[in-house]
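Dear colleague,

I am handing over the structure below, and I would ask you to keep it open beside this message while you read. My notes on what was found in it follow directly after it.

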Amino acid sequence: MYSRMAKYYDKLYSFKDYEAETEAVINTLNPFMEHGRKSLLDVACGTGMHLKCLKEHFSCQGMDICPELLLIAKDRNPDLHFTQADMTDFDLHETFDVITCFFGSIGHVLTLANMQRTLMNFTKHLKPNGVMLIEPWHSKEEYRVGNVNLLTVDEPDLKIARVCTSLAKDGVSILDMQHVVATPQGTEHFLEHLELGMWTDDEFRESFAHLGFDVHIDRIRDRGRKLFLAYRS
């Protein structure tokens, strides 16, 4: 997963404004943060772009299951500690004030049971009164089957075209991302097959409530994607 795509990831997602997203995250967290609460774990941290911004506000660590993405994250943030692990069952033997999981990454756990197991594991790694900030994958209601997507990169020595049609089966979104990449060394074609679970807002609310959390829903500015802020009232 993402192994072939990793070195092109930041090029393909260059449209993301990580500084603006971090500002939105800080604004969402501020009402729930007490003085001195500064530790943050970013789960599914990818190439470490959010952490590059978040470390200006928190003492951060990153975690991801993909070694190729982690290598980029470590190079970008040599001052931070990173762990390669699965979000459903990692054990870092420490707790944090904030745990984040952005860009729909929680969808990679596929099933409702695994999503609930993941949230339980996040809870185990939270300090008392700590908070979780989750950007979910598309919900069942919002996902558009048959949506055709094209992303391109057009630089002097790098051309990329990525095409994908959004499919779904049994509550799981299926994305076969076809990449054509041209560099001065030649042209390559590869496929990244992704499957992500989809859940309703109520399923998330019930899962958080079972763990003793209330949920505040916010939106990421300019993209309209949801943020679930889970906190103990």
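I begin with T88, which lies in the loop between strand 3 (81-84) and strand 4 (96-101); helices (H or I, at least four residues) and strands (E, at least two) are DSSP runs, numbered from the N terminus. T88 counts as buried because its relative accessibility is 11%, where buried means under 20% relative accessible area, exposed over 50%, and partly exposed in between (1.4 Å probe, protein chains only). Leaving aside neighbours within four places in sequence, T88 is in contact with V109, N114, R117, T118 and N121, contact meaning heavy atoms within 4.5 Å.

Before going further, please note that this is a predicted model, in which local features need pLDDT of at least 70 and side-chain atom pairs count only at pLDDT 80 or more, while totals for chains, interfaces and linings use all residues. Residues are numbered from 1 along each chain as its sequence is written, and side-chain values use heavy atoms, with hydrogens and water left out.

Another loop residue is S105, placed between strand 4 and helix 5 (112-124), and S105 is buried, with a relative accessible area of 11%. Its side chain reaches the backbone oxygen of F102 at 2.8 Å, and, apart from neighbours within four places in sequence, S105 is in contact with A44, M87 and E135.

Turning to the overall layout, the chain is divided into domain 1 (6-139 + 199-231) and domain 2 (147-197), with bounds that come from an automatic or database domain assignment. The C-alpha centres of domain 1 and domain 2 lie 24 Å apart, and the contact takes twelve residues from domain 1 and 17 residues from domain 2. Between them the domains bury about 1300 Å², 67% of it on carbon and sulfur atoms, buried area being the accessible area (1.4 Å probe) that two parts lose on being put together, summed over both. Y8, L12 and W137 supply 47% of the area that domain 1 buries against domain 2, more than any other three residues.

Which residues form a salt bridge with N and O atoms 3.1 Å apart? They are K11 and E155, and the count between domain 1 and domain 2 is one salt bridge, defined as a side-chain nitrogen of Lys or Arg within 4 Å of a carboxyl oxygen of Asp or Glu. K11 is partly exposed, with a relative accessible area of 36%, and E155 is likewise partly exposed, at 29% relative accessibility.

A search of the whole structure finds nine salt bridges. One of them joins the side chains of E188 and R4 (3.0 Å, N to O), and this pair links distant parts of the chain, with E188 in strand 9 (residues 186-197) and R4 in the segment before helix 1 (9-12), 184 residues apart. The side chains of D10 and R76 also meet in a salt bridge (3.0 Å, N to O); D10 lies in helix 1 and R76 in helix 4, so the pair ties together parts that are 66 residues apart in sequence.

Lastly, G212 lies in the loop between helix 6 (201-210) and strand 10 (214-219), and counts as partly exposed at 44% relative accessibility.

Technical notes: A polar contact is a pair of N or O atoms within 3.5 Å; within protein, one must be able to donate a hydrogen and the other to accept it, and residues adjacent in sequence count only if both atoms are side-chain atoms.
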